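Please keep the sequence and the three-dimensional view at hand while reading.

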Amino acid sequence: MLLPKPQTITFHSDHFFIGSIRLETPVLERECEMLLKEVGGVLDAQAVPVIEIRLISHLEKVKNNPEEAYRISVTSQKILLEALTETGVFRALQTLRQLKSPKGPYFYGCLVTDWPAFRIRGFMHDTGRSYLSFSELKREIAQLSRYKINTFHWHLTENQAWRIESKIFPQLNDSVNMSRLPGQYYTQEEARELVRFCKQHHILLIPEIDMPGHSEAFVRTFGCDMQSPQGMMILKQLLDEICTVFDVPYLHIGTDEVRFTHPDFVPEMVNYVRSKGKKVISWNPGWPYQKGEIDMTQLWSYRGKAQTGIPAIDSRFHYLNHYDVFGDLVALYNSRIYNCETGNEDIAGVILAVWNDRLVVPEKNILLENNFYPCLLAIAERAWLGGGSEYFDQNGPLLPTEDDSVFCAFADFEKRLLWHKEHYFQLYPFPYVRQTQVKWNITEAFPNAGNLEASFPPEKKLRQTYFYRNQSYSVRTARGAGIYLRHVWGDLIPGFMKEPQENHTVYAWTWVYSPRKQETGLWVEFQNYGRSEKDLPPPQGKWDYRGSRIWLNGTELLPPRWTNTHTSPSTEIALGNENCTARPPLLVHLKKGWNKLFLKLPIGKFSTPEIRLQKWMFTVIFVTPDGQKATENLTYSPHKIKPKNKRQ
């Protein structure tokens, strides 16, 4: 159940039993002792069984990034960990932890040679908009370091607030100059502590001070634009302070989504930061850098382009704030990073970003609604292993309907993901449940001429082909708990409908076999609300503004009472219970035998005053009443075919 999978691993019959163990190591002695204690071992300088760590000058067969590579040999009396660096040893310890058998007090015998395909494997929190507690940041860093995530991008300043303490300009942190979550910011000592904490966990911390855009908090405080002579003078003093606080190699300076009014602003700031001994990262699109003028770029939106001679971080389709729970995880896991098998001089890696343009509270909902940990574990494996079947551009968020190599790879990842959820994430927001067993029939789209209540033949009888107004409408199969008919990013990411059009209606159905009569939970969702949109909540009594409906055994299932009731779009009204993972599942009754699920899925316009980016989609899956697991022993079959075994 290793995650991420090692590049190469060979198991053998030896077991290293955990008892009294001798430790020989030139580095990370404390970390080794903590791991031994965690697995139940006892440190004994006289013991025969030994864990030995060696720093060596070369590892054979390593293809990329040798500074993080390692080799592990586990035999009956000895565990040998070899690496070129202390960081390589740290990565090896994370794999060794997972080699502990859940069946008994022993490590599995094996030989591992491992290295990362990409040198940047990270996550970003937009704490400028939505503050996360210092303890939560540390908890995430510690947990994700176990999965070889090696970068934390800390977006500290925004229009809403300047979240890093300034001692020379304390008014920057005054509540009156914050438009959201006033008074919440990180002290300089906390920042220094987080740098130390990241180094202990072999994670690179990249602080971002956004300039000259996304800087309304700066303007409110000083009454001048960053690009003005006064603004540039103040900003340089702030950079003096920030570069002293952050003992890190890089500083991110933003430069995106802004009109440049001072032609020398960006070059001057880059040179100034470099004069402080820092390398500089900047968003792309942003300032039009040439080779040598910036140290690294971070690509945002589909318009971001890597440039020869400038290392790039891919964040183009990696915004968790737009993701749903199920479909987008499939797309993320399957996708190559910048369509590359492995990293190179120009492609450094990937960072998953959480942008909370909309207020999201409490902070656990930032993790819950963004499906944070499942997505990070998916990219932890993809960025470590490399490869992938596409770049979001073939199947996108759709699971293959056949058990081909792509489906089998995702199903294997899902199995390991859920094992880690059960064993290491009991106290963490982790909304994902098994979905590879869920199958659907979905019709072609019937034209509704803007009438979302229009009725079509599937409402009368289920067939494989329909004839309506002298035209044939076929039915195709789909797989998964979350199906995009049309992706939130439109044509950029493919959905189930080949050429989706406005003013159409689609139907989906499946039969669900339950071995017994039971009450269980049901996650239902027809519009996953993005955390960067100011969309309105659904009308009471309706699932959405499109007229989506669902029936179980012929009885219509109505939505919960929505906790939000506002009628004017706002980014400052937090999401309530609109997203299914942020509310208890519906409680429903399944009869013994086959149960019919039937969905009506109309669409009007793809963008409306209530919902800027319509997600023509649905999420439907039976879960335990607490929402922690998929309901067990159910068979989803559009054709009422029972599986030959329980696991399908």
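## A buried strand residue

Which residues does T443 touch, not counting residues up to four places away in sequence? The model in which this is examined is a predicted one. T443 belongs to strand β16, which covers residues 439–443. Its contacts, with those sequence neighbours set aside, are P458, Y466, S474, V475, M497, V506, Y507 and W509. T443 has a relative accessibility of 1% and therefore counts as buried, the limit for that class being under 20%.

## Two loop residues

G480 is placed in the loop that links β19 (471–479) with β20 (482–486). Because its relative accessibility is 0%, G480 counts as buried. When neighbours within four places in sequence are left aside, G480 is in contact with L399, Q435, V438 and W440. G480 also has T619 at 8.7 Å, C-alpha to C-alpha, although 139 residues separate the two in sequence.

E502 is found in the loop between β20 and β21 (504–514). With 30% relative accessibility, E502 counts as partly exposed. It touches I603, G604, K605 and F606, residues up to four places away in sequence not being counted. From E502 to Y106 the C-alpha separation is 59 Å, and the two residues are 396 apart along the chain.

## Helix α10 and its two partners

Helix α10 (residues 372–385) packs with helix α11 (residues 405–424): their axes come within 11 Å and cross at roughly 125°. The angle lies between the perpendicular and antiparallel ranges, so α10 is oblique to α11. The crossing of these two helices is right-handed. On the α10 side the contact is made by P374, L377, A378 and E381, and on the α11 side by F413, R416, L417 and H420. Sorted by class, this contact holds 5 nonpolar, 1 polar and 2 charged residues.

Helix α3 (residues 134–145) also packs with α10, at an angle of about 35° and with the axes 12 Å apart. Here, too, the crossing is right-handed. From α3, the residues E136, E140, Q143 and L144 meet F372, Y373, L376 and L377 of α10. The class count for the contact of α3 with α10 is 5 nonpolar, 1 polar and 2 charged residues. L377 of α10 takes part in the contact with α11 and in the contact with α3.

Helix α11 has 20 residues, which at 1.5 Å a residue should span 28 Å; the C-alpha atoms at its ends are 28 Å apart, so the two values agree. The buried residues of α11 are F407, F410, F413, E414, R416, L417, W419, H420 and K421. Among the elements that cover them are α2 (86–98), α8 (327–334), α10 and β19.

The same reasoning can be applied to helix α6 (residues 229–245). Its 17 residues should span 24 Å at 1.5 Å a residue, and the end C-alpha atoms are 25 Å apart, which agrees. Within α6, the buried residues are G231, M232, I234, L235, L238, L239, E241, I242, C243 and V245. The cover over these residues includes α4 (188–200), β10 (204–211), α5 (216–222), β11 (250–254) and α7 (265–275).

## Backbone exceptions

Most residues other than glycine have a negative phi, and most peptide bonds are trans. The positions below depart from that pattern.

The bond joining L3 and P4 is a cis peptide bond, with omega about -5°. P4 lies in the segment before β1 (8–17). A cis peptide bond also joins M211 and P212, where omega is about -10°. P212 is placed in the loop between β10 and α5.

H214 lies in the loop between β10 and α5 as well. Though not a glycine, H214 has a positive phi of about 50°. Its relative accessible area is 13%, so H214 is buried. N339, also a residue other than glycine, has a positive phi near 60°. N339 occupies the loop between α8 and β15 (347–354). With a relative accessible area of 42%, N339 is partly exposed.

How values were computed
Residues are numbered from 1 along each chain as its sequence is written. This is a predicted model: local features need pLDDT of at least 70, side-chain atom pairs count only at pLDDT 80 or more; totals for chains, interfaces and linings use all residues. Side-chain values use heavy atoms; hydrogens and water are left out. Axes are lines fitted to C-alpha atoms, for helices over the stretch in contact, and angles run from 0 to 180 degrees between N-to-C directions. Helices (H or I, at least four residues) and strands (E, at least two) are DSSP runs, numbered from the N terminus. Angles under 35 degrees count as roughly parallel, over 145 as roughly antiparallel, 65 to 115 as roughly perpendicular and the rest as oblique. A crossing is left-handed if the near helix is turned anticlockwise from the far one by less than a right angle, and right-handed if clockwise. Contact means heavy atoms within 4.5 Å. Ala, Val, Leu, Ile, Met, Phe, Trp, Tyr, Cys and Pro count as nonpolar, Asp, Glu, Lys and Arg as charged, and the others, Gly among them, as polar. The expected span of a helix is 1.5 Å times one less than its number of residues. Buried means under 20% relative accessible area, exposed over 50%, partly exposed in between (1.4 Å probe, protein chains only).
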